[in-house]
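Student: I am new to this structure and would like a friendly walk through it. Could we look at it together, one question at a time?

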Amino acid sequence: MKKQSDLSRLTGYAGRHRILTYLSWILSVISALLALVPFWYIWRIVHDILEVSPDFSQAKDIINYGWSAVAFAVLSIIVYIAALMCSHISAFRIASNIRKELLRHIASLPLGVTEKYGSGKLRRVVNSSSAATETYLAHRLPDKAGAIATPIGLLFLLLTFDWRLGLLSLIPVALGFLIMMKMTGKDMEQKMEQYQNALSDMSNEAVEYVRGIPVVKTFGQTIFSFKRFKASIDNYETWVIAYTKTLRLPMMFYTTAINSVFAFLIAGGILFTRDGVTNELLLNLIFYIVITPVIGTTLTKIMFMSEDAMIVGDAIKRIDEVLNEKPLSESSADNIPQNNGITLEHVSYSYDGRRNALDDISLSIKPGQVTAFVGPSGGGKTTLANIIARFFDPQKGRIFIGGIDIRDIPKKALMDKVSFVFQNSRLIKASILENVRMAKPDATREEITRALKAAQCLDIIEKLPNGVDTVIGSKGVYLSGGEQQRIAIARAILKNAPILILDEATAFADPDNEVRVQQALSALSMGKTVIMVAHRLSSITNADCIYVLQNGRIAESGTYNSLIGQNGIFSKMWKNYSEAAEWKIAKEENI
């Protein structure tokens, strides 16, 4: 099947506004041709002046010619403005539709895919890539149509009055065009892709760095502690400097070529006037000196249009990369699990296709059981919790809830079964009421108030200016990490799903908030199947079963007492944890 061009792809998003894109090109061509008419009137003015010289009072038509030139110049501007109005309306609609499709598609993708890209890179695709198409369609394409029409009209003018001077004018144009083709060839396309990659990496790392500023401030670190961010900046700097040096000579020759038209015309004028100067030759020479700067302007426009076309091609490639990511399969069967038991059979998953984050995991969690995942960092704890919630599907193996493969459970039914409290819960810029109501859109204020009370949030509500209707993030209203966790727990309490996944829910809570968070989690966990990802081992001593994960595999499993008795990985982890806790207490006593 023939590959669809970038322009066809873009205009496909325009809908009924597509005709405006084509109309903008037509109007731009008309504007470009109208803009050349004043030059003909200038030629007529100079002609009449030379004809009556030195008695200039005899040149009676020059005023009419002058006003005619102004009229055509104004008409050209009006037509060009109309062209830009048409192109902008269409471009805005296209950019808007691209953003909408991207966001709809991203919302349907599993969490594993969004984590693979990173929020900074996805933000850049949604905002910057779509904005690149907007600039291209709104400005560059109409200008391109005009830039194509202008040389055709110029060629007619250049060869009509004096073909010899016209050909001399075209020599530097040809040289400039050849140099421009060299600068904007295939090699330039590859460099543009590298440039966009460097920008995307820097954007992604910048977002992660900003998120980590609290850590930087807490531990008195500097930007150099974020090696990946600094490396992305250094990589961008190295690339830009090398790229600039590569184009330095070609750009110098190009600028010299397109500005050397006068040199060729002067040389031609000297050559053609060896036998004397005629009024006709002088007239044509003056006319060519006036009109030839348009050539350089047009060529420069074409060069920047070629660069923008590459930027748009790269933008579409990045947009397609996201759109080609497959959402999770949807089941049409009405399969509703009858209990909350969870079973994994030989589950494996890899983020990069090389190393397994999960490697042949098999386990069973009974309904109402409290299960904890612990282990060294990078062992696969969070990945295992996420894959149970079907944030992504395993590459091998199957996962069952209530005896039904989660791929055969409708998405809404699965989400109704599972609630989450992450280690870094995020609240949207809305009222606390609306943040909690996200879990149950039809919930009443009374239900939300009960959920907030169960989540130990009443002290938060009391200190806010408008209570539950206070908008977070506006007018200096912000919550601490522990307070945000409690609001997130209230959201989970309101949802009241039978399966609860807690991913380090007390990680960012201070001592006072941690007590309240633990009380809220106790209220939330009653009667539910609970999966806990924990680093604070003291919080999982009463778990019905603890799984110790190492290198993506289950290294040990059992209750707290049985694992301590094994004197294995968990026992060593508990010893290290206890020593760290004792050291902390001793330090606080000495303060």
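Student: Let me begin with a pair of strands. Which residue in β2 does L344 stand opposite?

Tutor: Good place to start, and keep in mind that this is a predicted model. Strand β1 covers residues 342–350, and β1 pairs with β2 in the antiparallel sense over six bridges. Across from L344, the residue in β2 is L363.

Student: In what order do the strands of that open sheet come?

Tutor: Strands of a sheet pair through backbone hydrogen bonds, either parallel or antiparallel. Here the pairing is antiparallel, and four strands take part. Their order in the open sheet is β2-β1-β4-β5.

Student: Which strands stand at the edges of it?

Tutor: The order to read from is β2-β1-β4-β5. A strand at the edge has a single partner strand, so one side of it is left without a neighbour in the sheet. The two strands in that position are β2 (356–365) and β5 (404–405).

Student: D360 has a positive phi although it is not a glycine. Where is D360 found, and is it buried or partly exposed?

Tutor: Most residues other than glycine have a negative phi, and most peptide bonds are trans. D360 has a phi of about 55 degrees, and its place is in strand β2. Its relative accessible area is 38%, so D360 is partly exposed.

Student: Now β3, please. Which residue of β9 stands opposite T371?

Tutor: Strand β3 runs over residues 370–374, and four of its five residues are buried. It pairs in the parallel sense with strand β9 (residues 545–550) over four bridges. The residue of β9 opposite T371 is C545.

Student: And what is the bridge partner of F373 in β8?

Tutor: Strand β8 covers residues 529–533, and four bridges join β3 to β8. These two strands run parallel. In β8, F373 has as its bridge partner V533.

Student: Turning to helices, how many of the eight residues of α13 are buried?

Tutor: Helix α13 covers residues 381–388. Its buried residues are K381, T383, L384, A385, N386, I387 and I388.

Student: Which residues form the positive surface patch?

Tutor: One member, K100, lies in helix α3 (residues 62–108). K100 has 46% relative accessibility, so it counts as partly exposed. The patch as a whole is formed by R16, R93, K100 and R104.

Student: Last one: what is the area of the nonpolar surface patch?

Tutor: Five side chains to find here are I63, W67, V70, V74 and I78. V70 lies in helix α3, and with a relative accessible area of 41%, V70 is partly exposed. The patch has an area of about 530 Å².

Key
Residues numbered from 1 in each chain as written. Predicted model: local features only at pLDDT ≥ 70, side-chain atom pairs only at ≥ 80, totals over all residues. Heavy atoms only, no water. Buried < 20%, exposed > 50% of the residue type's maximum accessible area, 1.4 Å probe, protein only. Patch = residues over 30% accessible without salt bridge, like charges linked within 9 Å, V, L, I, M, F, W, Y side chains within 5 Å. Areas by Shrake-Rupley, 256 points an atom, 1.4 Å probe, with all protein chains shown as cover. Salt bridge = Lys/Arg side-chain N within 4 Å of Asp/Glu carboxyl O. Lys, Arg positive; Asp, Glu negative; His and termini not counted. Charge placed at Lys NZ, Arg CZ, Asp CG, Glu CD. Pairing = 2+ DSSP bridges.
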